[in-house]
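Me: I would like to learn how to read the features of a protein model. Can you take me through it in short steps?

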Amino acid sequence: MAASATATLLMMMVMLGGAVVDRVEAYALCNMSEEGLDACKPSVTKDPPAPVDPSGPCCEALAGADLACLCSYRHSLILPSLGIDPELAMALPSKCNLTTPEGC
């Protein structure tokens, strides 16, 4: 009986974990869709290879984003939890020829 209960609990944890992963994959941040975030990810991570200049799709996504909102995450743990280096992320607007919000 205990083995059956353990197996059931384990199955429920796996299913819940899958739901959490699905939720994170559908994540949007400050008017940037998951696709926009993905397009910019190579420019904001320090993982090999080294960060690259932002692509056209990244800059397009960033142009439609709420930059002040993004700036508010600068010191948050959310960006690092998504694999994003906040300092690299804050450099993107100027690399995309966009105006960085005041105080950012």
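Predicted model: local features only at pLDDT ≥ 70, side-chain atom pairs only at ≥ 80, totals over all residues.

Me: How does one find empty space in a structure?

Reply: Rolling a probe the size of a water molecule over the atoms shows where empty space is left. In this structure there is 1 cavity of 30 Å³ or more. The largest cavity has a volume of about 220 Å³.

Me: Which residues are the closest to the centre of the largest cavity?

Reply: They are Met-32, Leu-62, Leu-70, Ala-89 and Leu-92, out of 20 lining residues. Sorted by type, the lining has 18 nonpolar residues, 1 polar and 1 charged.

Me: Which helices each supply at least two residues of that lining?

Reply: Helix H2 (34–44), helix H4 (67–71) and helix H6 (86–95) do.

Me: Now the single residue. Where is the place of Asp-85?

Reply: Look in the loop between helix H5 (78–81) and H6.

Me: Is Asp-85 buried or exposed?

Reply: Compare the relative accessible area with the cut-off: buried means under 20%. Asp-85 has 17%, so Asp-85 is buried.

Me: What is Asp-85 in contact with, leaving aside its neighbours within four places in sequence?

Reply: Val-44 and Lys-46. Take Lys-46: Asp-85 and Lys-46 are 39 residues apart in sequence, and their C-alpha atoms are 7.1 Å apart in space. Their side chains are joined by a polar contact of 3.3 Å.

Me: Which backbone nitrogen does the side chain of Asp-85 reach?

Reply: That of Glu-87, at 3.0 Å.

How values were computed:
Residues numbered from 1 in each chain as written. Heavy atoms only, no water. 1 Å grid on protein atoms, 1.4 Å probe; cavity = no way out; pocket = protein on both sides within 12 Å on 5 of 7 lines; lining within 4 Å. Points joined across faces, edges and corners; volume = space filled by probe spheres on them. Helix = DSSP H or I, 4+ residues; strand = E, 2+ residues; numbered from the N terminus. Nonpolar A, V, L, I, M, F, W, Y, C, P; charged D, E, K, R; others polar. Buried < 20%, exposed > 50% of the residue type's maximum accessible area, 1.4 Å probe, protein only. Contact = heavy atoms within 4.5 Å. Polar contact = N/O pair within 3.5 Å; in protein donor to acceptor, adjacent residues only side chain to side chain.
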